[in-house]
Amino acid sequence: MATGFYTHPDCVRHEMGEWHPECPERLRAIEDQLIAGRIDGLLERREAPVADEASLRLVHTQDHIDFVRENIPESGYFPIDPDTLLNPYSWRAATRAAGAAIAATDAVIRGELDNAFCSVRPPGHHATPTRAMGFCLFNSVAIAAAHALEVHGLSRVAIVDFDVHHGNGTEAAFGNDERLLMCGIFQHPFYPFSGANDPAPNMLNIPLEARTSGMAAREAIEYGWLGRLNAFRPEMIFFSAGFDAHREDDLGGLGLTEADFAWMTKEVKAIADRHAKGRIVSCLEGGYNLSALGRSVVAHLKVLADV
């Protein structure tokens, strides 16, 4: 078996303007670094399918799905908010992103792959059941986790979110659902200005001040996440893998490096090996400094692929 790598050209066709940091070049930067890091040939490449609406409804309301589909423009852009726009390819990209997460979940649970990474966009963890926001249209990682619970019948799954921004959409989807444990670090106060006050009992949120170093973040995780994850005994773990907490990323203010992302991946992978038969699916979220993004994804993948 191997580490799967899911992507699709449709995810490059979605774009929100030349000024926008959530740009197609993000996926190209990852591809370049896979080659530079000599890991490209060690991954099993798979094409991201399109998610059907029944799968989207595992997390999102029909009204939200209809809103996104019906506002896809024939040309130009449709602004959902100042930072989140639709172009003619956005529906295909967003449903490919969710489809990649679902297909990866199926393949890992069936034992076809050890684990998988979804190199897709748009990101998803800010999309709530009823609203697109923060560059996100559909919440791919939440849909995949719901798919594991509802379709495959798993009893306990965990989501680990290390994006610089709080995954408010994922929390909105699963707050108080005892079948799911979500562990997150994020800069606070910072967009979307949530997660620090009275989270649901199944949400283990660790707000970090701006300029928090990688070593301080590791300490917070070691004393915050790891024991709770072990005690939860997840049958599968999902990463909301945002790399904008990197110290070179201007969209955030944290001080992590590739080595910190690799350390987090290693610690969580050990828990997956112990309790979940190693089953992990990781979905790309943020990361906007192209060089730092590519290097960080390679560090993450090298741990997943044991190379």
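Analyst: Lining the largest cavity you'll find Asp 161, His 165, His 166, Gly 167, Met 182, Gly 184, Ile 185, Phe 186 and Asn 205. A quick word on provenance: this is a predicted model, where local features need pLDDT of at least 70, side-chain atom pairs count only at pLDDT 80 or more, and totals for chains, interfaces and linings use all residues. Residues are numbered from 1 along each chain as its sequence is written, and side-chain values use heavy atoms, with hydrogens and water left out.

As for terms, a cavity is a set of points, on a 1 Å grid over the protein atoms alone, where a 1.4 Å probe fits but cannot get out, and a lining residue has an atom within 4 Å of a point. Searching the whole structure turns up one cavity of 30 Å³ or more. The volume of the largest cavity comes to about 30 Å³, meaning the space filled by probe spheres set on the points, with grid points joined across faces, edges and corners.

By class, the lining splits into three nonpolar, five polar and one charged. For that count, Ala, Val, Leu, Ile, Met, Phe, Trp, Tyr, Cys and Pro are nonpolar, Asp, Glu, Lys and Arg are charged, and the others, Gly among them, are polar. So Met 182, Ile 185 and Phe 186 of the lining fall in the nonpolar class, and Asp 161 of the lining in the charged one.

Notes. On a 1 Å grid over the protein atoms alone, a cavity is a set of points where a 1.4 Å probe fits but cannot get out, and a pocket is an open set with protein on both sides within 12 Å along at least five of seven lines; lining residues have an atom within 4 Å of a point.
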